[in-house]
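Me: I have a structure open and want to talk through its surface and its fold. Can we go step by step?

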Amino acid sequence: MTWWVMLGWLALVVGVAGYVIGLRRSRRNDELARGLILWMALAWLGVAVLVGAEVA
């Protein structure tokens, strides 16, 4: 495994975990929505890195 793949998996796991934890805390707080978007973006960045490493 190259370090790109490890970095992709780390971004995916941290992004999903951050999103789930943030989602549980944001039940009545709409201001946390921006933070959830950042966690989602991190998770999708991890997916893009993993797909890119597999294609290349």
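Me: Which helix gives the nonpolar patch its largest share?
Reply: Helix α1 (residues 3–25) does, with five residues. Helices here are DSSP runs of H or I with at least four residues, and strands are runs of E with at least two, numbered from the N terminus. This is a predicted model: local features need pLDDT of at least 70, side-chain atom pairs count only at pLDDT 80 or more, and totals for chains, interfaces and linings use all residues. Residues are numbered from 1 along each chain as its sequence is written, and side-chain values use heavy atoms, with hydrogens and water left out.

Me: Which residues form the patch?
Reply: Trp 3, Trp 4, Leu 7, Leu 10, Val 14 and Trp 39, with about 630 Å² of accessible area together. Areas come from the Shrake-Rupley method with a 1.4 Å probe, and for residues only the protein chains shown count as cover. Patch members have over 30% relative accessible area and no salt bridge; nonpolar side chains (Val, Leu, Ile, Met, Phe, Trp, Tyr) are joined within 5 Å, like charges within 9 Å. A salt bridge is a side-chain nitrogen of Lys or Arg within 4 Å of a carboxyl oxygen of Asp or Glu.

Me: Why does Trp 4 count as partly exposed?
Reply: Because its relative accessible area is 45%. Buried means under 20%, exposed over 50%, partly exposed in between (1.4 Å probe, protein chains only). Val 14, also partly exposed, has 34%.

Me: What does Val 14 touch beyond its sequence neighbours?
Reply: Leaving aside neighbours within four places, Val 14 is in contact (heavy atoms within 4.5 Å) with Trp 39 and Leu 42. Val 14 and Leu 42 are 28 residues apart in sequence, and their C-alpha atoms are 7.8 Å apart.

Me: OK, the fold. How many helices and strands are there?
Reply: Two helices and zero strands.

Me: Which residues of α2 are buried?
Reply: Leu 36, Ala 43, Gly 46 and Leu 50. Their cover includes α1.

Me: And what fraction of the protein is buried?
Reply: Buried residues make up 21% of the 56 residues. The protein exposes about 4,700 Å², with carbon and sulfur atoms supplying 70% of it.

Me: What are the overall dimensions?
Reply: The C-alpha trace spans about 45 × 15 × 10 Å along its principal axes.
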